Amino acid sequence: MKTRITELLGIQHPIIQGGMHYVGFAELAAAVSNAGALGIITGLTQRTPDLLAAEIARCRTLTDKPFGVNLTFLPTVNAPDYPGYIRAIIEGGVKIVETAGNNPAPWMPLMKEHGIKVIHKCTSVRHALKAERIGCDAVSVDGFECGGHPGEDDVPNFILLPRAAEELTIPFVASGGMADGRSLVAALALGAEGINMGTRFIATREAPVHENVKRAIVAASELDTRLVMRPLRNTERVLKNAAVERLLEKERELGANLRFEDIITEVAGVYPRIMREGDMDAGAFSCGMVAGLIHDIPSVQELIERIMAEAHRLIHERLAALAA
Ligand SMILES: Cc1cc2nc3c(=O)[nH]c(=O)nc-3n(C[C@H](O)[C@H](O)[C@H](O)COP(=O)(O)O)c2cc1C
């Protein structure tokens with residue numbers, strides 16, 4: 001399938017695997033790229049720029065297809081070494097960067113100078129327009145359903161995507177709640193040029209995470225996510241577990257007085273324990289409502305082939321018949 005996104009990124013299928021902390025390692029990124037979509041290594045999961053350089057090099061040994069790196073600009077006091085990470089990306093010859101979080105404007109000239117295509121992930125039309133103005137090549141529009149940080153506007157994709165289509169000139173992909181061929185066709189109908197998936201890619205054979213995480217996603221329904229850190233205006237959609245219940249109890253008790261320090265044991269540094277060790281109650285971890293649509297653990301190749309086959313069937317059979 002050819003869309004403005006496949007053309008822009010030089011990929012076969014209009015599907016992107018979004019950056020995911022402690023999930024987006026070389027194995028997953030390479031598997032997604034080898035299947036004809038776009039795999040993305042999560043930059044900040046690598047603790048230093050040198051480690052990111054090594055991860056990029058490792059990914060090159062696993063695929064000769066294009067892949068990207070996610071750079072999440074966090075609202076932290078002690079900022080990571082972003083110039084170092086960008087140097088690792090440039091020197092590693094990576095030509096696609098998915099930015100997220102804060103405005104990537106300060107880093108745009110350097111990335112553009114090196115011919116890097118920038119896809120900024122954002123949760124509102126105004127941020128998407130800002131990304132367009134500062135020279136991003138595409139945006140990933142993340143609806144309220146999404147795993148991770150949905151922002152504070154709570155606009156679901158049935159509204160957000162057509163609104164983005166009304167305003168944007170650059171191409172965009174639909175992110176949040178995307179799982180299968182139905183998602184892809186719906187996203188295309190709403191004006192997107194493809195889809196970005198997070199949670200769905202965790203429940204794949206190649207995702208380098210503990211089996212407990214994959215099983216928990218398959219077992220979860222669309223009712224099993226919770227929004228945490230809302231009082232801090234840093235909302236995150238996570239899978240419910242004992243730590244999340246504890247965290248929400250603290251939020252209820254402390255109300256507007258809640259500070260980050262109050263919930264640090266539930267959110268800080270918990271990803272390795274969950275993703276590597278499979279300790280499913282270690283803390284809060286991102287997960288989308290789309291868990292309700294995830295019922296198996298296929299290989300990445302099977303997943304992508306299935307999405308594309310279902311999309312073609314829907315377009316050529318169901319929709320064509322309805323329009324006849
Ligand atoms: C476990 C997990 C970790 C994530 N970590 C990041 C991250 O570090 N940076 C980022 O930009 N997005 C992150 N995301 C968001 C995804 O890239 C993607 O935008 C989101 O999962 C899309 O929604 P979906 O889960 O409904 O597909 C994460 C998502 C999940 C599920």
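Helix 8 (residues 181–189) and helix 14 (residues 300–323) meet in this predicted model. Their axes come within 7 Å and cross at roughly 55°. As for handedness, helix 8 passes helix 14 in a right-handed crossing.

So who's touching whom? Here are the residues that make the contact.

| Helix | Residues in the contact |
|---|---|
| Helix 8 | Gly181, Arg182, Leu184 and Val185 |
| Helix 14 | Ile307, Ala309, Glu310, Ala311, Leu314 and Ile315 |

Sorted by class, that contact of helix 8 with helix 14 has seven nonpolar, one polar and two charged residues.

Now zoom out to the whole protein. You'll find 14 helices and 10 strands in it. Its radius of gyration is 19 Å, close to the 20 Å that the globule rule gives for 324 residues, so the protein is as compact as a globular protein of that length. Along its principal axes, the C-alpha trace spans about 55 × 45 × 35 Å. Of the 324 residues, 47% count as buried. If you take contacts between residues at least 6 apart in sequence, 63% of them join residues at least 24 apart.

Last stop: arginine 233. Where does arginine 233 sit? Look in the loop between strand 9 (225–228) and strand 10 (236–239). Is arginine 233 buried or exposed? With 9 other C-beta atoms within 10 Å, arginine 233 is exposed, because 12 or fewer is the cut-off for that label. Its C-alpha atom is separated by 38 Å from that of lysine 2, which is 231 residues away along the chain.

Terms used:
Residues are numbered from 1 along each chain as its sequence is written. This is a predicted model: local features need pLDDT of at least 70, side-chain atom pairs count only at pLDDT 80 or more; totals for chains, interfaces and linings use all residues. Helices (H or I, at least four residues) and strands (E, at least two) are DSSP runs, numbered from the N terminus. The radius of gyration is taken over C-alpha atoms; the globule rule is 2.2 Å times the number of residues to the power 0.38. A residue is buried if 20 or more other C-beta atoms lie within 10 Å of its own, exposed if 12 or fewer, and partly exposed in between; C-beta atoms are placed from the backbone. Two residues are in contact if their C-beta atoms, placed from the backbone, lie within 7 Å. Axes are lines fitted to C-alpha atoms, for helices over the stretch in contact, and angles run from 0 to 180 degrees between N-to-C directions. A crossing is left-handed if the near helix is turned anticlockwise from the far one by less than a right angle, and right-handed if clockwise. Ala, Val, Leu, Ile, Met, Phe, Trp, Tyr, Cys and Pro count as nonpolar, Asp, Glu, Lys and Arg as charged, and the others, Gly among them, as polar.
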